[in-house]
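Visitor: I would like to learn how to read a fold from its contacts, its surface and its charges. Could we go through one model together?

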Amino acid sequence: MAKTLIQYILLYIVLVLLQALVFNRICIFNVAVPYIFILFIIRLPVSLSINALLSVSFAIGLTVDIFSDTLGMHALSCTLLGLLRKPILSLYMPREDDVEGLIPTMRNIGFPVFLKYSFSVSLVYCIIISAVQMLTFSASAILLLRMVGSTILTSLIIWGIECLINSGSAQRL
């Protein structure tokens, strides 16, 4: 338990620092921004209580807000994402008993399921954060482009990080 907690704390710190120092400065065509810190929410255990999940999701969003100067936009989006994470996962894993004690990683749920799950979570997050950032639907073409571009970029980077994490842990065994 202590080893897992330390791993989650390290993952939290690394993802927030990467987001604040590297990925916040990436903006492709002034539209697509990768939000890699949501990998932390994606990898949280499914058995985590809803109060703990929402608290941790809010905390990582607030931490990114502090570094990004975004006035609570990420905290709101991460909290909503924490609320929707388990229903999204259950879309791809139909039996409830399979989901309960699970930590959703590429190794645990399989490559195709993880791709669909992480893409869906990225899509939901990018829809929420883009809508909150724009605060209007008058520029719907730019809003749609921002949602799609950020989702694709976020998903690709998350898949790459997950492959690196899994290949490193497989070599250590």
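Visitor: What share of the contacts in the chain with a separation of 6 or more comes from residues 24 or more positions apart?

Guide: Bear in mind that this is a predicted model. Among the contacts with a separation of 6 or more, residues 24 or more positions apart account for 69%.

Visitor: Which elements does the chain have, from the N terminus on?

Guide: The elements run α-α-α-α-α-α-α-α, and the chain accordingly has eight helices and zero strands.

Visitor: How does the radius of gyration of the chain fit that of a compact globule?

Guide: A compact globule with 173 residues would have a radius of gyration near 16 Å, and the chain, at 16 Å, agrees with this. Along the principal axes, its C-alpha atoms fill a box of roughly 50 × 35 × 30 Å, while buried residues make up 43% of the 173 residues. The chain exposes about 9,100 Å², of which carbon and sulfur atoms supply 72%.

Visitor: How many salt bridges does the structure hold, and which side chains meet there?

Guide: Side chains of opposite charge can pair when their charged atoms come close. The structure holds one salt bridge, in which the side chains of R43 and E162 meet at 2.8 Å, N to O. Because R43 lies in the loop between α2 (38–42) and α3 (50–68) and E162 in helix α8 (residues 140–172), the pair ties together parts that are 119 residues apart in sequence.

Visitor: Are R43 and E162 buried or exposed?

Guide: Both R43 and E162 are buried.

Notes:
Residues are numbered from 1 along each chain as its sequence is written. This is a predicted model: local features need pLDDT of at least 70, side-chain atom pairs count only at pLDDT 80 or more; totals for chains, interfaces and linings use all residues. Side-chain values use heavy atoms; hydrogens and water are left out. A salt bridge is a side-chain nitrogen of Lys or Arg within 4 Å of a carboxyl oxygen of Asp or Glu. Helices (H or I, at least four residues) and strands (E, at least two) are DSSP runs, numbered from the N terminus. Buried means under 20% relative accessible area, exposed over 50%, partly exposed in between (1.4 Å probe, protein chains only). The radius of gyration is taken over C-alpha atoms; the globule rule is 2.2 Å times the number of residues to the power 0.38. Contact means heavy atoms within 4.5 Å. Accessible areas come from the Shrake-Rupley method with a 1.4 Å probe; for residues, only the protein chains shown count as cover.
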